[in-house]
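The sequence and model are shown first.

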Amino acid sequence: MSGAPTLLELRGVTAGYAQDIDVLRDIDLRVEAGRITGLIGLNGAGKSTIIKTICGFLPPKTGTIAYEGKDICGIAPHRLIDLGICCIPQESSLFPYLSVQDNLTLPLLGRPKQFADKTRTRLQEVFELFPALHEKRSQPAGSLSGGQQKQVEFAKAWLQQPRLCLIDEPSIGLSPKVSEEVFVWIEKFAQAAMGILLIDHNVRRVVRMSDRICVLSLGRITADGTPADFEGDLHRQVQEWLGLDF
Ligand SMILES: Nc1ncnc2c1ncn2[C@@H]1O[C@H](COP(=O)(O)OP(=O)(O)OP(=O)(O)O)[C@@H](O)[C@H]1O
Ligand SMILES: [Mg+2]
């Protein structure tokens, strides 16, 4: 892609929820350190299934998933954090009855000691970046607005200091202004040398901010390119890639 180290590489991955039905077919996908790989596709194309497969919720039937050059197939989802992989899922991952601060620090329990100091500094950063979270740190996370809950998700990810962050539909249900804030945080994550796999229905924004864009259609990657490849009539191109009549 660009000479940056490859963090994540899927090769020939086929996966599905039933033995005889493949939702993902022969997927090749790469995420590099400090770069954003955007993944776009229609509802039901299999985008979230790719993340579930990477995270170990769904074992691939064929193919390989390598992270920092090592096979991670079969690794339990709760162990990903130890490897430096973090996921911000399409659905909320917060415990609504726990406080904001407990939600933020929960994934850090049991982490190595050298993590503690850096985490304290990061918690300060998080509260400076998201003053509303500082103000509401003792409140149940479920009492926050949708946009503020999304802030908690991103703040939680930032605290975990991942090297790879998988982000599924972060702007769903948010106002245009809050959505734009979300995209700016993602850019900040990439600037901090994280590799990002970004799925979002805001195709134009994904194309603009990604270093590489993959189009997923009916479980297959049908197009793959840089933002320059997507110049021109994006609407028409995406329609073609998705095999839609217009
Ligand atoms: N737990 C499950 N059990 C069985 N089938 C599932 C499950 N989750 C998803 N599917 C099916 O797999 C296909 C891909 O779903 P997936 O959620 O990956 O799509 P998506 O591209 O993320 O869509 P969206 O844009 O709506 O989030 C769909 O046909 C869906 O019905
Ligand atoms: Mg999805």
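## Helix 1 and what follows

Gly-56 comes after helix 1 and has a positive phi, near 90 degrees. Helices (H or I, at least four residues) and strands (E, at least two) are DSSP runs, numbered from the N terminus. This is a predicted model, in which local features need pLDDT of at least 70 and side-chain atom pairs count only at pLDDT 80 or more, while totals for chains, interfaces and linings use all residues. Residues are numbered from 1 along each chain as its sequence is written, and chains are lettered from A and ligands numbered from 1 in the order in which they are written.

Seven of the eight residues of helix 1 are buried, so this helix is largely enclosed by the rest of the structure. Those residues are Lys-47, Thr-49, Ile-50, Ile-51, Lys-52, Thr-53 and Ile-54. A residue is buried if 20 or more other C-beta atoms lie within 10 Å of its own, exposed if 12 or fewer, and partly exposed in between, with C-beta atoms placed from the backbone.

An open sheet of mixed pairing is formed by six strands in the order 6-7-8-3-9-10; two strands pair if DSSP finds at least two bridges between them. Strand 6 (85-88) and strand 10 (220-225) are at the edges with a single partner strand each, so one side of each has no neighbour in the sheet. From one strand to the next, the twist averages 15 degrees.

Strand 9 (residues 212-217) and strand 10 run antiparallel and are joined by five bridges. Opposite Ile-213 stands Gly-225 in strand 10.

## Helix 7 on the sheet

Helix 7 (residues 176-191) packs on the sheet and touches strand 3, strand 7 and strand 8. Its direction makes about 155 degrees with that of strand 8. Axes are lines fitted to C-alpha atoms, for helices over the stretch in contact, and angles run from 0 to 180 degrees between N-to-C directions. Two residues are in contact if their C-beta atoms, placed from the backbone, lie within 7 Å.

## Ligand shell

The residues around ligand 1 include Tyr-17, Lys-47, Ser-48, Thr-49 and Gln-90, each with its C-beta atom, placed from the backbone, within 6 Å of the molecule.

## Domains

The domain assignment, automatic or from a database, gives domain 1 (1-84 + 162-246) and domain 2 (93-161). Nine residues of domain 1 contact eight residues of domain 2. On the side of domain 1 that touches domain 2, helix 7 gives the most, with three residues.
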